[in-house]
Amino acid sequence: MPVFTRFSEPPQPGDGISEAEAEKAEGGESGEDERERAAAPGPAPAAPGPRFTRLRDWRTRHPRTARALHLATTTLAAALVLGALLLPNTLPALKAVSFARIPAEAVIGAVVVLALPRRPRLVAAVLYGLGLTALTTVNLLDMGFNEYLGRGFNAALDWDLLPDAQAYVEDTLGGGVATAVSVGAVLLVLLVAAVMVAATIRLATVLARHRVRATKGALIAGTVWVTCSALGLTLFGGPIASERGAGALRVHAQRTVESLRDEAAFAEQSKADTFGNTPPGELLPDLRGKDVIFTFIESYGRSAIEDPVMAPGVDRTLDTSTAALEKAGFVARSGWLTSATYGGSSWLGHSTTMSGLWIDNQRRYRTVSAGDHLTLTKAFQKTGAWDTVGVMPGVQKGWPEEKWYGLDKLYDAFDLGYEGPKFSWSTMPDQYALEEFQKRVHGKKRDKPLMSFVILTSSHQPWAPIPKMVGWDELGDGSVFDAIQKAGNKASDVITDTTKSREEYGKSIQYSVTSLTQWLERYGTDDTVLVFLGDHQPIARVSGNHASRDVPVSIVARDPKVLDKVADWNWTEGLKPGRDAPVWKMSSFRDRFLKAFGSTPHPSKG
């Protein structure tokens, strides 16, 4: 008979003894388990070792402490399991009331554990713990994606974004921080797995030792859950009977299956093209002789114009720039496009606008950019009437999409002669990139007009530090920005402050718009046609949890005939689109633009 007082708690598995020894020590082994062990072949269990003896002696001397320790660890295990099952997938929902529920998965888990013999029970507990680890991981990923990209994590698509996320952290906060974050994320997952498995094993063991009481408890809990579910009873605004865990995994499984199906369907869809067979001579005849510039401003979203924190400064900049351009002879019209992406993945916005296809994930992007679907930029190249060039200071490695976009020449981060400091992720200020575009490309005499594809990056998150305008004649090799970069905010200070992030985001948009419009005032000609727009809204933490996906788009030109071609678009006069201005899907822009400027549809069916 074990040498324990009635107040003491027997040793537990994980205390240096086996589950069998712990059950023997308690004297609480069920008859079923005892018979199973007696019938099992093999040698008899070994006698308790010195460690078990010391632990038994300690529990004998400190029964109350042993009892309290047992209750504490069991309670903690239960709290971890229930917390994982009820954990929301968004930060706003992460409240105490979210955990005031009865999870069906806990009741079912208890029933399964009570029905299994010892060894299968242990296997089930381990698998249950690993399932909770997967559930916790996807919920945490959902929180991050909802906070930054305004959508949940997609297991079929978003793993491809993790290297880009690491590169962003490295560019923004340094290589050491990026490595620490990556290692920390892996260790966190492993720690969650170890803790969850230990918790489920602990609870399974306790339930098995108190089989009769546990069975009654599971029956009561199951009855209460069914009753609450049938009657639709709620507490603190949510159902008492919860199946949050299973529901979350089911949603992710469905999302994965739908994404894989979508990939195959999109591959077929991308082969069809309204202008796929249009002869070169019938593409863009009404723009012949014009220098056309398509420019994307990073994270330039509707919130910048309408949010009460950012809008006052941005609206003043747009009004001032509109007036300055009018003085220089330019007229502008503006509307809204609904972007295919949100908070990041700018290349999805670029490719959607240029291809006329809805490219809202990385798989779609890879599919279409590997094919020959006609992009708006490539349409200019196809005519043979334009030279085509790309200016992309954010590109810092090989970029095979250059061919798909139809660019004769690409100027990346290393081709613009910049010797100044980086501004967080952005390799160089927009003002410098535009001046180099003028010197190296736009300002040179050529036999053909120019079509340019320019991506501006100074308004990329984390919006610290932000460049400031300097004299255009003072730009030099960019060293003039050294003092401005050193005096700017630290990225780490802005990232952790939502209010500051919103304020600095607004300032970055003001800088980018000012750089672009001043460049147009300075270097634009009667043949210049500028189309500029945002690629997506800023992250949800800045734009708001329920912000639209809309971005502003503007067309600016001196020649009134250019704007006459888009008069039926009913866009707002000036650079600031009105609240009631038309809103189109970003994927509709290519065809509307081609038709407006005289292109004749000749569909290809793939």
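**Exercise 1.** Leaving aside neighbours within four places in sequence, which residues is Ser-303 in contact with?

*Solution.* Start with the ground rules. This is a predicted model, where local features need pLDDT of at least 70, side-chain atom pairs count only at pLDDT 80 or more, and totals for chains, interfaces and linings use all residues. Residues are numbered from 1 along each chain as its sequence is written, and side-chain values use heavy atoms, with hydrogens and water left out.

Contact means heavy atoms within 4.5 Å. By that test, Ser-303 touches Met-310, Gln-537, Ser-543 and Ala-547.

**Exercise 2.** Is Ser-303 buried or exposed?

*Solution.* Buried means under 20% relative accessible area, exposed over 50%, partly exposed in between (1.4 Å probe, protein chains only). Ser-303 has 7% relative accessibility, so Ser-303 counts as buried.

**Exercise 3.** Describe how helix 17 meets helix 20.

*Solution.* Take the ranges: helix 17 covers residues 430-442 and helix 20 covers residues 498-523. Their axes come within 9 Å and cross at roughly 30°. Angles under 35 degrees count as roughly parallel. Helix 17 is therefore roughly parallel to helix 20. Next, list the contact: helix 17 contributes residues including Leu-434 and Phe-437, and helix 20 contributes residues including Leu-516 and Trp-519.

**Exercise 4.** Which residues of helix 10 are buried?

*Solution.* Locate helix 10 at residues 244-269. Its buried residues are Gly-245, Gly-247, Ala-248, His-252, Ser-259 and Phe-266. These pack against helix 4 (63-86), helix 5 (104-115), helix 6 (118-149) and helix 14 (362-369).

Notes
Axes fitted to C-alpha atoms, helices over the stretch in contact; angles between N-to-C directions. Helix = DSSP H or I, 4+ residues; strand = E, 2+ residues; numbered from the N terminus. Parallel < 35°, antiparallel > 145°, perpendicular 65-115°, else oblique. Expected span 1.5 Å × (residues − 1).
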